Amino acid sequence: TVIGGNVVIDKDGVIEGNVTAFSGNLIIDGLVDGNLKVSAGRLTINNKVEGNIEALVDELGLGPAATVSGNLRYISQNPATIERGATISGTVAHDVPVAAKPLFELSFKTILLLKLVLFLPIFALGLLIIRMAPRSSQVLADQVSNHYIRNFFVGLALWVVGWVLAIVLMATVIGIPLSLFLIFALFAYLYLSFIPTGLAIGRRFVKDSSDSVQLAAGLGLIFTVSFVPVAGKLLLFVSVFVGFASIIIGKYSVAKALRAKKVL
């Protein structure tokens with residue numbers, strides 16, 4: 001029994017029993033006087049195997065001097081390379097591994113419904129915030145438009161720091177409620193981050209429209225692009241952290257201004 005990156009049974013070597021091998025590359029130039037069970041990237045046989053061969057491999061090669069006295073059964077995406085002169089006395093069975101499937105697959109309608117459940121409430125909440133605090137909404141949108149690169153890295157850093165702090169607080173009994181509140185706040189701000197980002201994107205495409213129309217356009221664009229496999233997920237990833245940072249920076253700026261006026 002052998003486990004290794006590169007395993008070679010030399011041409012003068014003789015294994016007087018069974019061989020079980022797990023390796024990246026297995027070369028059998030010697031004699032195996034028993035069965036051969038292999039899981040390897042590549043298996044090369046250049047001598048005699050007296051028993052059966054069972055192999056799970058990427059590539060299987062039998063040289064001209066290879067002799068298999070028993071059966072050959074291998075699982076591989078690729079057919080074996082059997083050179084002229086190689087002999088197999090028993091049967092040959094080649095199985096192709098079945099590709100792994102997800103535990104469940106969601107239909108397009110289900111994905112569409114789930115994303116509508118995500119975006120429609122945030123759109124309604126965004127309209128409410130725009131109506132109640134139009135100036136603050138514009139300031140946050142300006143934060144996204146003018147500092148989106150900085151905001152992305154700041155938002156990502158704040159997210160990581162927030163989780164580290166939450167884990168540290170969780171280690172103490174007194175800190176558990178604070179940790180749970182912090183985790184809730186992180187997810188709440190992450191969800192709300194679509195509002196300034198959507199408003200900033202909408203302002204780029206419908207410049208002469210109302211804030212409500214701009215928010216609808218921006219969130220609609222994010223919603224539509226989110227269905228693109230790679231670019232969509234990348235857009236969502238960037239959008240949430242850019243908006244996340246703008247909200248945190250905005251709250252900090254408000255608190256700083258209130259402190260300067262000795263209100264807070």
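Tutor: Strands here are DSSP runs of E with at least two residues, numbered from the N terminus. With that in hand, keep in mind that this is a predicted model. The chain has a mean pLDDT of 87, and 93% of its residues reach 70 or more. Confidence is highest in one of the strands, E6 (residues 48–49), with a mean of 96, and lowest in helix H7 (residues 231–260), with a mean of 79.

Let's begin in strand E3 (residues 19–28), which holds Gly-24. Its relative accessibility is 40%, so Gly-24 counts as partly exposed, since that class lies between the buried limit of 20% and the exposed limit of 50%. Although Gly-24 and Val-57 are 33 residues apart along the chain, their C-alpha atoms are separated by 9.2 Å.

Strand E7 (residues 53–62) also contains Glu-59, which pairs with Arg-42 of strand E5 (residues 36–45). Their closest N and O atoms are 3.0 Å apart, forming a salt bridge between residues 17 apart in the chain. Arg-42 is partly exposed at 31%, as is Glu-59 at 40%.

That pair is one of four salt bridges. Another joins Lys-48 and Glu-50, 3.2 Å from N to O; here Lys-48 is partly exposed at 31%, and Glu-50 is partly exposed with a relative accessible area of 31%. A further bridge connects Arg-73 and Asp-95, at 3.0 Å. It links strand E9 (residues 72–75) to strand E12 (residues 92–95), across 22 residues of chain. Arg-73 has a relative accessible area of 41%, which makes it partly exposed, and Asp-95, at 29%, is partly exposed too.

Now set the helices beside this. The largest nonpolar core has 25 residues, with Phe-119, Trp-159 and Phe-241 among those making the most contacts inside it. Helices H1 to H7 each supply at least two of its residues, and H5 gives the largest share, five.

Helix H1 has two sides to its story. The 25 residues of H1 should span 36 Å, and because its end C-alpha atoms are 36 Å apart, the two values agree.

Key. Residues are numbered from 1 along each chain as its sequence is written. This is a predicted model: local features need pLDDT of at least 70, side-chain atom pairs count only at pLDDT 80 or more; totals for chains, interfaces and linings use all residues. Side-chain values use heavy atoms; hydrogens and water are left out. pLDDT is the predictor's confidence in each residue, from 0 to 100. Helices (H or I, at least four residues) and strands (E, at least two) are DSSP runs, numbered from the N terminus. A nonpolar core is a set of buried Ala, Val, Leu, Ile, Met, Phe, Trp, Tyr and Cys residues joined through side-chain atoms within 4.5 Å. Buried means under 20% relative accessible area, exposed over 50%, partly exposed in between (1.4 Å probe, protein chains only). The expected span of a helix is 1.5 Å times one less than its number of residues. A salt bridge is a side-chain nitrogen of Lys or Arg within 4 Å of a carboxyl oxygen of Asp or Glu.
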